[in-house]
Amino acid sequence: MKIAIAGSGALGCGFGYHLQKGGADVTLLDNWEQHINTIKEEGLTISVNGDKDNQKMTICKPHELKEKMDVIFVFTKSMGLNAMMESIEHIIGPNTKVVCLLNGLGHLKTLEKYIDRKNIIMGTTVWTAGIDAPGHTHFNGQGPVEIQNSDPSEKEATLEIVEMLQKSGLNGVYSENVNYTTWRKACVNGTMNALCTLLDANIEEVFQTSEIDSMLTRIIKEFAIVAKHQDNVILDVDETITYLKGVAAKVGAHYPSMHQDLKNNRPTEIDYLNGEVAEASKKLGLEAPYCQQITDLIHAKETILGIT
Ligand code: NAD
């Protein structure tokens, strides 16, 4: 199976590495010159749950890949998805499947501008990853990767991708309700990422504060209203908070990616999390003041740090 990884940063390299080991013909696509050159010259150096490896991988810029792909995994940051889709249109054939595991909300709308809905597979992953230096990444966890076809007719093709993910050690799972999984993941990122970033603290520290219950309740209530109106997804607020506390207890003293983005002077994905809830609320004639305030505060911090 010919696979392209469109956006080969932390998670993209981890997926590409595993899929190649699982037998797929993988090409990493990226635009970061130093990262591309290091991987071309030295191979990809990756630590998977602490075990270091180095693997030769094909990597190039999107316009340099000429063939149509069977499957494309997009792994940009949310704000880079549009530009990446524009730059890979030439490798998308009538049956090319595009798998989107980005964090955040609203990506289906973006993908539909470039490909037929029947070829879009949405999902979530709980693998975590980071970049230590250009060409050097780490990848941790056990998965799963939950995916589901956006069009009911494409279940068979999606099951084939699930099988390939399993064969590659990525713990692929077919989701019967990916909308729910996506909203639940957005709740994790819309609370932990945003609060840890604003409070400059790790998840354990934030979840030990006496304010945690009221902060979570206000944010999740706003997410739940939009999830219901927009996607007919029912998020029970108390159950979601219990789930978030379970996740927080498991990950402990970890700084979420949004916190790391600001530390590395990179823009955050806030517009696709709390910002998306605030915008969607407005369109529904409602208000989401907590999500709006969080979005404004994160953008203010980006401005203070000179991040555009
Ligand atoms: P990433 O920032 O590592 O990579 C995204 C893009 O940014 C890549 O094209 C990469 O080459 C480029 N990039 C990264 N650092 C750069 C630098 N210093 N200079 C120039 N370009 C650079 O993003 P990611 O962590 O792989 O995340 C991709 C998507 O997956 C996001 O939506 C994220 O929220 C989601 N996600 C990430 C994780 C995680 O643990 N990393 C877990 C689950 C979901």
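Analyst: Two strands pair if DSSP finds at least two bridges between them; strands (E, at least two residues) and helices (H or I, at least four) are DSSP runs, numbered from the N terminus. This is a predicted model, in which local features need pLDDT of at least 70, side-chain atom pairs count only at pLDDT 80 or more, and totals for chains, interfaces and linings use all residues. Residues are numbered from 1 along each chain as its sequence is written, and side-chain values use heavy atoms, with hydrogens and water left out.

User: How do you know that strands β3 and β4 are joined?

Analyst: Strand β3 (residues 44-48) and strand β4 (residues 51-55) share five bridges, and the rule asks for at least two, so they count as paired.

User: What makes β3 and β4 a hairpin, and what is the phi of N49?

Analyst: Two residues lie between the strands of this hairpin. In its turn, N49 has a positive phi of about 50 degrees.

User: Why are β5 and β12 said to stand at the edges?

Analyst: The open sheet has eight strands in the order β5-β2-β1-β6-β7-β8-β11-β12, with mixed pairing. β5 (58-60) and β12 (172-174) each have a single partner strand, so one side of each lacks a neighbour in the sheet. From one strand to the next, the twist averages 25 degrees, an angle between axes fitted to C-alpha atoms, taken from 0 to 180 degrees between N-to-C directions and, for helices, over the stretch in contact.

User: How do you know that β11 is joined to β12, and in which direction do they run?

Analyst: Three bridges join β12 to strand β11 (residues 145-149), and the two run parallel.

User: Does C60 count as buried or exposed, and why?

Analyst: Buried means under 20% relative accessible area, exposed over 50%, and partly exposed in between (1.4 Å probe, protein chains only). C60 has 10% relative accessibility and therefore counts as buried; C291, at 0%, is buried as well.

User: What makes helix α11 largely enclosed?

Analyst: Helix α11 (residues 274-283) has ten residues, and seven of them are buried, so the rest of the structure largely encloses it. The seven are N274, G275, E276, V277, A278, A280 and S281. They pack against α4 (107-112), α6, α8 (212-231) and α12 (289-304), where contact means heavy atoms within 4.5 Å. Just after α11, G285 takes a positive phi of about 75 degrees.

User: Why does W127 count as buried?

Analyst: The relative accessibility of W127 is 7%, so it falls in the buried class. W127 lies in the loop between β8 and β9 (128-133). Beyond its neighbours within four places in sequence, the contacts of W127 include L11, F15, N49, F139, P144 and L170. The C-alpha atoms of W127 and V173 are 13 Å apart, with 46 residues separating the two along the chain.
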